[in-house]
Amino acid sequence: MIERRSGDEMLRLTLMDGQVRVMMCDTTQMCQRAADIHHATPVCTAAMGRLMTATAFLGVMMKGENESVTVTVKGGGPMGTLVAVANHGDLKVCADDPQVELPLREDGKLDVGGAIGRDGRMSVVKDLGLREPYIGQSELVSGEMGIDFAQYFTVSEQQPSLVSVGVLTNGDVVLKAGGLLIQPLPGCSDDIIDQLELRSPMFANISREMTFAPKEELLEDWFRGMDPVLLERTPLRYHCGCSRMRMEKALISLGRKELQQLIDEDQGAELGCHFCHGQYAFTTQDLKDLFERASRA
Ligand SMILES: [Zn+2]
């Protein structure tokens, strides 16, 4: 029996003696944090939450200390561009317009695909600490995120995958959010793949399922008879990691000409972080010091 734990975390498991990789996560708290930071409407909370949850799979799969992954989704919908970043279990997200409101779909669900749009693509940039990052791209299928990430894994990483992500909200409150990733590994038998497909309706509405039972119990239930073995648990959290030093670097990277222009305007500069809305103010004297540093660089 898998030990029950609450709070945001990612569980990594195998089925059938390593023939299948499974990841399941609870992302309720981080989705609530995203909703609060961005004053997001329910449909935008669901959109950003689903994107962040799926990005968490990619983040937890990366092994190196300073590796990170950035997923950018441009679907042509009213939310504009969405960006999620994972540094292992540290996640953050932003969108051009997180206050979009849309009517519910005919089936009563939030219209996430409508808010994100489905006419475009998602790109995945993995910074592996090497000179050249890994960049993968795929076309969006529905803008609902689950199927779009499944498409990305299958097309761009040649790894067939089933992805289910969900965010259940009641007004401003995120009741439950989480996700499930299933990847049959090379050599997995057709019997097992058939079994997984047969069971897939059970985890289609994942956030609702997670309100009924602890995730560990759901895993045991869904994969009964398939020998689920827990390999690893990773805590997840919403964490930005921006700092004044990083903002200084961003200003320096503008170059001397741009900096000189800011100094001449003599109004200082105020930089805001898109992910946490942290504000960083620089006086004209600060900018002059940065100009000095830019000249030395
Ligand atoms: Zn920040």
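Two residues are taken to be in contact if their C-beta atoms, placed from the backbone, lie within 7 Å. The structure described here is a predicted model.

In this model, helix α4 spans residues 146-156, and its buried residues are Gly-146, Asp-148, Phe-149, Ala-150, Tyr-152 and Phe-153. The elements that cover these buried positions include helix α2 (42-61) together with the strands β6 (121-127), β7 (134-139) and β8 (162-170). An α-helix has 3.6 residues a turn, so residues three or four places apart point the same way. After α4 comes Gln-158, with a positive phi near 50°.

The largest nonpolar core holds 73 residues, and the members that touch the most others are Ala-34, Ala-47, Met-48, Leu-51 and Met-52. Helix α2 supplies the largest share of this core, 12 residues. Beyond residues up to four places away in sequence, Leu-51 touches Val-71, Val-73, Leu-82, Ala-84, Val-93 and Met-145. A second core, separate and made of five residues, includes Met-247, Leu-251, Leu-259 and Leu-290.

At the level of domains, the assignment divides the protein into domain 1 (9-238) and domain 2 (244-296). The centres of domain 1 and domain 2, taken over C-alpha atoms, are separated by 36 Å. Four residues from domain 1 and four residues from domain 2 take part in the contact. On the side of domain 1 that touches domain 2, strand β5 (residues 90-95) provides the largest share, three residues.

Note on methods. Residues numbered from 1 in each chain as written. Predicted model: local features only at pLDDT ≥ 70, side-chain atom pairs only at ≥ 80, totals over all residues. Domains from an automatic or database assignment. Helix = DSSP H or I, 4+ residues; strand = E, 2+ residues; numbered from the N terminus. Buried ≥ 20, exposed ≤ 12 C-beta atoms within 10 Å, placed from the backbone. Core = buried A, V, L, I, M, F, W, Y, C linked by C-beta atoms within 7 Å.
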